[in-house]
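Colleague: I have the sequence and the model open side by side. Could you pick one part, take a close look at it with me, and then carry on to the features that go with it?

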Amino acid sequence: MLAIQTVGLSQYQSWIGADFTFKPLKKTKVELGIENRNIGITQWNRTFVKVKVSYKILQGVALLSGYRIGLAPNNQSALDLKEKTLLHRTALGIELNPMDWVNNQSRFSLGITNQLQWNRGKFLRPNTMFRSKLNAMYDIKNFPISPFFSWEYFYNFQRDITYTANEIIIIGGTNAFRS
């Protein structure tokens, strides 16, 4: 199945990409994808290549692991004289598909994904984030494109860290909503 991600506007950014999904084993699903993110519609911001492996442990419940590498503008190019830099993300989580509990043969998918993700990159502070995603998708029979809608919530554990002479003040917080 090939799912084309349509252009969506969120936080003044747009995404376009493609995912390729296959099942090498009965309970295992592998997703490979490439994504391009722009500021607005025309100004390039980042390009990502990702892989995600999920393993079904119960009907409608799967564990997931993922990795994403990205190419992005280097905001610290004065330090290393490189215009672009690599960004890395690893993730572990759980996927729930309530439609599997009701009707295993449904072409409609309603997914709830909760994951912890760790982001790192050159000159960037390591970042741990909780991400919750609600995704609705319909797999059109004998057609390579699957329309979908998704809504995401991000909670950044290191969002606001203030270093003072006597203490470190940490105020975690909601980082973003996306749909």
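Modeller: Let's take the hairpin that β7 and β8 form, with 5 residues between the two strands. In its turn sits Phe123, with a positive phi of about 65 degrees. Strands here are DSSP runs of E with at least two residues, helices are runs of H or I with at least four, and both are numbered from the N terminus. β7 and β8 (residues 127–138) run antiparallel and are joined by 12 bridges; two strands pair if DSSP finds at least two bridges between them. Within this pairing, Asn119 stands opposite Asn127 in β8.

Before we go on, a word on how to read the values. This is a predicted model, so local features need pLDDT of at least 70 and side-chain atom pairs count only at pLDDT 80 or more, while totals for chains, interfaces and linings use all residues. Residues are numbered from 1 along each chain as its sequence is written, and side-chain values use heavy atoms, with hydrogens and water left out.

β7 (residues 108–121) also has a partner in β6 (residues 84–96), which runs antiparallel to β7 and is joined to it by 10 bridges. Here His88 stands opposite Arg120 in β7.

Leu81, which is not a glycine, has a phi of about 60 degrees and is placed in the loop between α1 (77–80) and β6. Its relative accessible area is 74%, so Leu81 is exposed; buried means under 20%, exposed over 50% and partly exposed in between, with a 1.4 Å probe and protein chains only. Asn142, also other than glycine, has a positive phi near 55 degrees and lies in the loop between β8 and β9 (148–163). At 75% relative accessibility, Asn142 counts as exposed.

Side chains of opposite charge can pair when their charged atoms come close. The model has 8 salt bridges, each a side-chain nitrogen of Lys or Arg within 4 Å of a carboxyl oxygen of Asp or Glu. Lys29, Glu31, Lys52 and Glu95 are linked in a network of such bridges. One link is between Lys52 and Glu31, at 3.7 Å from N to O. That pair joins distant parts of the chain, with Lys52 in β4 and Glu31 in β3, 21 residues apart. Lys52 is partly exposed because its relative accessibility is 22%, whereas Glu31, at 17%, is buried.

Lys50 takes part in two salt bridges, one with Asp19 and one with Glu35. In the first, the closest N and O atoms are 3.7 Å apart. Asp19 is in β2 and Lys50 in β4, so this link spans 31 residues. In the second, the closest N and O atoms are 3.3 Å apart. Lys50 lies in β4 and Glu35 in β3, so the pair ties together parts that are 15 residues apart in sequence. Lys50 is partly exposed at 27%, while Asp19, at 11%, is buried, and Glu35 is buried with a relative accessible area of 12%.

The strands β2 (13–25) and β4 (43–58) also each supply at least two residues of a nonpolar patch. Its members are Phe20, Phe22, Leu32, Val51, Val53 and Tyr67, with about 460 Å² of accessible area together on the surface. Patches are made of residues with over 30% relative accessible area and no salt bridge, where like charges are joined within 9 Å and nonpolar side chains (Val, Leu, Ile, Met, Phe, Trp, Tyr) within 5 Å. The areas come from the Shrake-Rupley method with a 1.4 Å probe, and for residues only the protein chains shown count as cover. Leu32 lies in β3 (residues 28–39) and counts as partly exposed because its relative accessibility is 38%.

Finally, confidence. The mean pLDDT, the predictor's confidence in each residue from 0 to 100, is 85 for the protein, and 87% of the residues score at least 70. Over residues 1–10 pLDDT stays under 50, and the model has 41 contacts for them beyond four places in sequence, a contact being heavy atoms within 4.5 Å.
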